[in-house]
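Dear colleague,

I am handing over the structure we spoke about, and below it you will find an account of what came out of going through it. Please read the notes with the coordinates open beside them.

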Amino acid sequence: MKRLICIISTAMVMTLVSCEKEFDGYNPSDVPYFEPLAPPAPGEGYQIHVEAFPIQPNFEREIYVRKNLGNTEEVYLTGFEMKARPGTHHLIAYKFLDDNLPPVDVMYDQNMPNNTISIRSFRNSVPLLQSPAASYQFSVPEGYGLKIPANSSFFMNSHYFNKTDDVRFGEIFMNFFTTPASSVNQLLDVEYYGNDTFVLEPNQEKTVVTDFIMEKKTIMPMMVSHYHKRGKQFDVQIIGGPRDGEVVYSSTYYENPLVETFDTPLVLEAGEGIRTIVKYNNDTDRQISFGITSEDEMNIIICFQYNP
C-alpha cells in the first residue's frame with residue numbers, strides 16, 4: 001500500500017503562537033551584519049527575505065512566517081538558491097492549498113522558550129521546496145517546471161539551533177528562479193514519501209525499510225532525501241517491473257543529501273513502486289523516533305514527478 005507523509009508532518013498540526021513577547025531581551029542594533037544574497041535579475045525570478053530573529057541560548061527555535069512572492073502573474077519555477085545565517089537545520093517553503101491564509105509578515109513559533117509545544121492545525125499548507133543547509137542551490141532538469149499562480153505567497157518555515165550560551169540570530173534569503181511558459185515542456189509535482197513510525201533503540205544500529213506502491217503510472221525525473229544526523233545511508237530501490245531491486249538513489253551525507261537527476265526519468269507503472277532503505281546508528285542512551293528537532297530523526301524521499 002502506498003504510504004505518504006508530508007515532511008515535518010507533525011509541524012502541520014502545531015500551534016503557531018505569535019512570538020512578539022516571547023523573545024525579549026535583545027537590542028536589534030546588536031544584530032551582527034550578514035551579507036545578503038543578491039536577488040535574481042529582473043524577469044528571472046524573485047527573492048523572499050526572512051528578517052533577522054533571535055534564538056535564545058541553548059535552544060532550538062522553529063518559526064513560520066507568511067511571505068509574498070511578488071509575482072503579479074503566473075510563473076514557472078525552475079529552482080531556488082538559499083543563503084542563511086549559520087545554525088539552520090532546515091528551511092521549507094510551504095505552499096497554500098486555499099485562501100485561508102495567516103497574515104503576511106507575522107512570525108509564529110512552533111517551540112516556545114519554556115520548551116512547550118501546543119496544538120493547532122495548518123493543514124492547508126504543504127511543502128514545496130526545502131533546503132537542508134545554510135547555503136544551498138537546487139534546480140529541476142531543463143524543460144521541467146513547477147507552476148506558481150499569480151500573487152502567490154509561501155509559509156516560510158525556518159528551524160535554527162543555538163547550542164551556545166549567547167543569543168544568536170537566524171535570517172534567511174531565498175531566491176526563486178523562473179522561466180517563461182514557452183520553456184516548460186512538462187509540469188512537475190512534488191511528493192514526499194516517508195515513514196514516521198520507526199523507533200531507534202539506544203546504542204543500536206537499525207535499518208528501516210519502507211515500500212511505496214504507485215496507484216497510477218508515475219514518472220520521476222529527480223529525487224532527494226531528508227534525514228538527520230543518526231542516518232548513515234539512504235538508498236532507494238525499484239519495486240516490480242523489469243528493474244525490480246535496482247538501486248536508483250544512494251546518499252550518505254544528511255547535511256547535503258544527493259540530489260539525483262536521472263538522465264532518463266524513472267518510470268513506474270501502476271503497481272510498481274520504490275523502497276527506501278535507511279541505515280541509522282543511534283549512538284545515544286535514549287530512544288529516538290521521527291520528530292522535528294535536530295536530535296530526532298526523519299525518513300523521507302522527496303520526488304519531483306508527474307502522471308502522464
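**A buried asparagine**

Asparagine 195 is buried, since its relative accessible area is 7% and the cut-off for that class is under 20%. Please keep in mind throughout that this is a predicted model. Asparagine 195 sits in the loop that runs between β13 and β14 (199-200), and its side chain makes a polar contact, at 2.9 Å, with the side chain of threonine 210.

**Two loop residues with positive phi**

Most residues other than glycine have a negative phi. Two residues are worth checking against that background. Aspartate 105 has a phi near 70°, which is a positive value in a residue that is not glycine; aspartate 105 belongs to the loop between β5 and β6 (107-109) and is partly exposed, with a relative accessible area of 49%. Asparagine 151 has a phi near 60°, again a positive value in a residue other than glycine; asparagine 151 is placed in the loop between β9 and β10, and with a relative accessible area of 60% asparagine 151 is exposed.

**The two open sheets**

Strands of a sheet pair through backbone hydrogen bonds, in either the parallel or the antiparallel sense. Within it, strand β16 (residues 218-226) is joined to β19 by six bridges, the two strands running antiparallel, and valine 224 has valine 259 in β19 as its bridge partner.

Another open sheet of four strands has the order β15-β20-β17-β18, and here too the pairing is antiparallel. Which strands stand at the edges of this sheet? They are β15 (204-213) and β18 (247-251), each of which has a single partner strand, so one side of each is left without a neighbour in the sheet. From one strand to the next the twist averages 15°. Strand β17 (residues 231-239) pairs with β18 in the antiparallel sense over four bridges, and valine 236 stands opposite tyrosine 249 in β18.

**Strand β5 and its partners**

β5 is mostly covered, as eight of its nine residues are buried. β5 pairs with β10 in the antiparallel sense over seven bridges, and in that pairing lysine 95 stands opposite phenylalanine 154 in β10. β5 also pairs with strand β7 (residues 125-131), likewise in the antiparallel sense, over six bridges; here the bridge partner of leucine 91 is serine 131 in β7.

**Pockets**

The largest pocket has a volume of about 360 Å³ and is lined by 19 residues, of which Lys95, Phe96, Ile148, Pro149 and Ser152 lie nearest its centre. Which strands each supply at least two residues of that lining? They are β5 (88-96), β9 (144-148), β10 (153-162) and β13 (189-194), and β9 gives the most, with three residues. Sorted by class, the lining of the largest pocket holds eleven nonpolar, three polar and five charged residues. Lys95, one of the residues nearest the centre of the largest pocket, is also the lysine that stands opposite phenylalanine 154 in β10.

The second largest pocket contains about 200 Å³ of space. Its lining is made up of 15 residues, and those lying nearest its centre are Thr88, His89, Phe161, Tyr254 and Glu255. By class, the lining of the second largest pocket has six nonpolar, six polar and three charged residues.

With best regards

How values were computed
Residues are numbered from 1 along each chain as its sequence is written. This is a predicted model: local features need pLDDT of at least 70, side-chain atom pairs count only at pLDDT 80 or more; totals for chains, interfaces and linings use all residues. Side-chain values use heavy atoms; hydrogens and water are left out. On a 1 Å grid over the protein atoms alone, a cavity is a set of points where a 1.4 Å probe fits but cannot get out, and a pocket is an open set with protein on both sides within 12 Å along at least five of seven lines; lining residues have an atom within 4 Å of a point. Grid points are joined across faces, edges and corners, and a volume is the space filled by probe spheres set on the points. Ala, Val, Leu, Ile, Met, Phe, Trp, Tyr, Cys and Pro count as nonpolar, Asp, Glu, Lys and Arg as charged, and the others, Gly among them, as polar. Buried means under 20% relative accessible area, exposed over 50%, partly exposed in between (1.4 Å probe, protein chains only). A polar contact is a pair of N or O atoms within 3.5 Å; within protein, one must be able to donate a hydrogen and the other to accept it, and residues adjacent in sequence count only if both atoms are side-chain atoms. Two strands pair if DSSP finds at least two bridges between them. Axes are lines fitted to C-alpha atoms, for helices over the stretch in contact, and angles run from 0 to 180 degrees between N-to-C directions.
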